[in-house]
Amino acid sequence: MSSLAKAMPIKRNFFTPITLFLAFLVVHGLVFGFIRFVYGLGAVTNLNNQYPWGIWIGIDVAAGVALAAGGFTTAALVYIFNKEDFHDIARPALLTAMLGYTFVAIGVAFDLGRYYFIYHPLYMWNGNSVLFEVGICVMAYLTVLYIEFLPVVAQRFIGRVKLKGILAFLNKPVDAVLRFIDRIMDKALFFFIILGVVLSCLHQSSIGTLMMIAGTKIHPLWQSPIAPLMYLLSAFAVGFPMVIMESLISSRSFGLKPEMNVLSKLGRFVGPLLAVYLAFKLGDMAVRETYVYLNEFSLPTVMWLIEIVVGVVIPLRMFLYDKVLKSPFWLFIASILVIFGVLLNRFDNFVVAYTPLYSVKPYWPSYGEISVTVGVIALEILLYRLLVIIFPVISQPVKLPTSGMKIKLKGVVR
Amino acid sequence: MNQSRRNFFKTAGVIGASIAGAKPTMAAAESKNILSDDRMGVLVDTTRCIGCRRCEFACREAHDIDAGQMLDYDDRSVFDTLRRPEVDSLTVVNEFKNGEPAAEAINVKVQCMHCDHPACASACIVGAITKQQNGAVIWDTDKCIGCRYCMVACPFQIPAFEYQKAIQPRLMKCDFCFSRTSQGGIPACVEICPMEVLTYGKRYELVKLARKRIEQNPEKYVNHIYGETEVGGTSWLYLAGKDFKDLALPAHGSAPAPGASESLQHGIFKYFIPPISLFAILGGIMWLSKNKEETGE
């Protein structure tokens, strides 16, 4: 079946009412970003010496990395376990991960007091630091993702390099370089795919180790010795829902038929993955006897319950329903719930669960902080749209000039 | 944990490694601290402190922070609220009520404890914070990238960050007057203290001195030297006539603060065996699944 669909640039207008609204959000966020870079972190954020980390770390970085997990889970499925059925979603998943990690790096730059020294960890090493490992792994993985994307760029421009004017003499060399990259990557891709999965496993789990050093400052519901394992398991579980959600949104936005045959099959993995995550989460609770906290009515307890019930238990049940797997609408809802659950988990662990020893007043993200986070996400969506318009990422039915027969065939064969 | 079992897990790939490392072993942190026997410390005898805050003045003077007039420090209204170290005050004195006569109030000076196994140094992404041979935990402005993970890690909530600065914001904390103490001098606060609250000396001698004071005046002190074992020991030690919890000094166990996260980290990366084995396993699966497909067709 997939032989009839081919990844091609989408022929649509970039501008729609929604993209204009997103562009507004980007500009709105940039205003606060500008203030932050000119007047310092204190001018925009509610961060202080009691609360050194806020949503720029909790959401933009911790949740951002988790939600970019679609890249490595799909790469493992398609290239390592060699499930060809899912080939069509490999490129969208790769693009999401690439953009996701790019914006993790941008999010970090907003938060770093000395953002212009962001490259320091490359040659100033501290092997004891969890953050160092996360930083190096994220930088390495981001590079791997760009390399994995090279074949897409090569495919788009081979034989179509048409620079004008004085640059025209470059046409041939550039084309040769692209062909060279294409040939090399054909042979070397497997190495980068595996490397990407290994790097992802390392830093996805290590982000769970980050808050361990905060000790008693983190609420016991989250301060678990197996937090790294649970972070890795939740990253496994959230990868495919991200791919499903974004595939459904882009087919709707571009007026394409949802790739339900692929997405339903993909959805079947989510139930078991969520179940394993839930088992560890509850097992950890039983072993450490943290259920005593469920007796009290407090913000952390309520947030934990929402995270588990709405973000894990309900979508887990949904993903085991055939009806949900076959319906674009319900599949979308179930995926959104998983994404919400993992996002909330990271937010809880980094922000809600953090209680300073000497708290003057509780932290709540400022309007500026929220605006920057929203702006960053909006920019990410816009870039995704732009890149699928330019590059062959999304698979579409191949239109043969002779007749529409074969396209119809695709609808028949299921 | 049993050593051979540990080794088994380490070779069993990354998931195995996270399980092995995740066991709450509180094994001593593997940080390569130079803990010299001659490292220095300060003993703070809170029973002697009168809350004159001369130490705050001297500290500012020593660190090029606008200190104002010394007389300003006689204002005792600042004791109405609990104060914490800030970017412009690396040490602060707080006052705690203790029964009716106001004179009985207890004054407690707060600053960086200069841990023997500092969580901030373990956490720092670029190794900008280091434990020095003389006991000081100091910060290197040339390395810092301003991530503030040290502040997340600190078990005493000491470091302060210059949030109002857009360029070269600094991490401000007591540096044990390193420029003086590394040259054989004594910290500014110790020098100015008129009540001999602060005693600067070799840490092990200070522990002896503190124990002697408790023995000689058991009714005056609680039998606890705060900092002797807390988070693996600190260079600054405290004596008090009241439970330390009531003096806003957090109750910590004797395990070094970075312990669990460091051993987990080292478990995952020991000789790079787990990542490399994971790479090999995934490569094997890839090869097998490709082969299977080719023979199947």
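Predicted model: local features only at pLDDT ≥ 70, side-chain atom pairs only at ≥ 80, totals over all residues.
User: In what order do the three strands of the open sheet in chain B lie?

Analyst: Strands of a sheet pair through backbone hydrogen bonds, either parallel or antiparallel. Pairing here takes at least two bridges found by DSSP; strands are E runs of at least two residues and helices H or I runs of at least four, numbered from the N terminus. In chain B the order is β8-β1-β9, with mixed pairing. β8 (198–202) and β9 (236–239) of chain B are the edges, each with a single partner strand, so one side of each has no neighbour in the sheet. β1 (residues 40–45) of chain B pairs with β9(B) in the parallel sense over four bridges, and B:L43 stands opposite B:L237.

User: Which residues of α13(A) are buried?

Analyst: Buried means 20 or more other C-beta atoms within 10 Å of a residue's own, exposed 12 or fewer, partly exposed in between, with C-beta atoms placed from the backbone. Among them in α13(A) are A:V372, A:I377, A:L379 and A:Y384.

User: How many residues does each chain give to the contact?

Analyst: Contact means C-beta atoms, placed from the backbone, within 7 Å. Chain A gives 51 residues and chain B 56. On the chain A side, α7(A) supplies the largest share, eight residues.

Definitions and conventions:
Residues numbered from 1 in each chain as written. Chains lettered and ligands numbered in written order. Contact = placed C-beta atoms within 7 Å.
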